[in-house]
Each structure stands twice: as C-alpha cells, then as structure tokens.
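Subject: Structure handover

Hello,

Here is the structure for your files. My notes follow below it.

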Amino acid sequence: NIQVAWSAVAGAQIYEIRQGADWDTGALVLKTPSQGAALDPLTVGTHPYRIKAKTTLGDESPVGTYFEIVIPSLGTPTIFSQVIDNNVLLYWSIPSSAFEIDHYNVYKDNVKFAEITGNFCSRFESSSGTYEYEVEAVDIAGNISPQGLTSAVVNPPPDYVLQDEYHSDLTAGTLV
C-alpha cells in the first residue's frame, strides 16, 4: 500500500481524498476521520490527488490541498546463466520497485516459457546452440520492468537421442 498522512485541521470531523487535479471532477478515493490512509498500489507515473477537511455541519475547506504520488519505474533484473551440458540454470537480481514483486516472466528467444515467483529457474534444452533468455519483473500493481537479457551456449545432450516430441493442448476441454 501507499501510506499518506496529513496534519489535523481545527474543527475537522472527516477528511476526503479524491484522485485527480481538480476537486470537482476528481474520483472519490476515501473518507476517513483519521489523519492518514493506506491507498492501493498504483501504476508507474505521477498521480494527482486532492484532500479536504469537512466539519460535522458539512462545511468543507475552501481550497483542497493538492499532492502528487510519484511511482518510479522498476529496475531491470540482472540475469546470470550457468550451463552444464544441456541444462541451463538462470538466476537474477531482484530489481528495485516501489512495491513487492509478484512474479517474473521468463522468456527464451522472446517466447515466454515460465511465470514464477522466485528469482531462479532451470531449463533443459533438447538441442545444442546459443540461446537468449530474458526476464522481466511484475509487481503487485501490474507494473512491468524492462527485460534483463543473457545468452547461454548449450552443449549437445550427453548420451541423449530425442525419439519423439509431443505437445499437448491443455486449453481445450475439462482438466481433472
């Protein structure tokens, strides 16, 4: 969450926060009798807000206080790879973020193959070659980091012959 706090206004019974640069067109976020609030996570960028104090008679501050919440971009994960024969271990740094990282999207040659919560994964490659792997972080607000990139030279599998390959479509029908 985003924690905001403010000073008490004499005679105020309740405080109202609206999102937007203009009070009249701003979207109501919350009303509270306290001098602080927890707002939901936001996307990267600058978000304008206004706050006004109200009395028990319904009188409100003539001019609301304007403030902005600035959410910085996520950092880029730094990816490392380690190859043993045809097994690739990928691991990466946790990038900077205003919010908790929810998961990572992992790609091989720009094709997503994993969505995981940790900061490492292993991959078995059935043929040798040089592959590029990318990782991007996704935080709890849905913000996505730039992709970190690494390449790995994969050796031919030792004592391995691919007899057949089958890809099942698990999107159709009911799975039990």
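Is N143 buried or exposed? N143 is buried, at a relative accessible area of 6% (buried means under 20% relative accessible area, exposed over 50%, partly exposed in between; 1.4 Å probe, protein chains only).

Some ground rules. This is a predicted model: local features need pLDDT of at least 70, side-chain atom pairs count only at pLDDT 80 or more, and totals for chains, interfaces and linings use all residues. Residues are numbered from 1 along each chain as its sequence is written, and side-chain values use heavy atoms, with hydrogens and water left out.

N143 sits in the loop between strand 12 (129-139) and strand 13 (148-154). Strands are DSSP runs of E, at least two residues, numbered from the N terminus. The N143 side chain reaches the backbone oxygen of L42 at 3.2 Å. N143 also touches other residues, including I71, F99 and V138 (contact means heavy atoms within 4.5 Å).

H103 belongs to strand 9 (residues 101-108). H103 is buried too, at 12% relative accessibility. Beyond its neighbours within four places in sequence, H103 contacts E115, I116, T117, E136, A137 and V138.

Three strands form an open sheet in the order 7-8-11, with antiparallel pairing. Two strands pair if DSSP finds at least two bridges between them. Strand 7 (79-84) and strand 11 (120-124) are the edges, each pairing on one side only. Strand 8 (residues 87-92) runs antiparallel to strand 11, joined by 5 bridges. V88 has R123 of strand 11 as its bridge partner.

Best wishes

How values were computed
Helices (H or I, at least four residues) and strands (E, at least two) are DSSP runs, numbered from the N terminus. A polar contact is a pair of N or O atoms within 3.5 Å; within protein, one must be able to donate a hydrogen and the other to accept it, and residues adjacent in sequence count only if both atoms are side-chain atoms.
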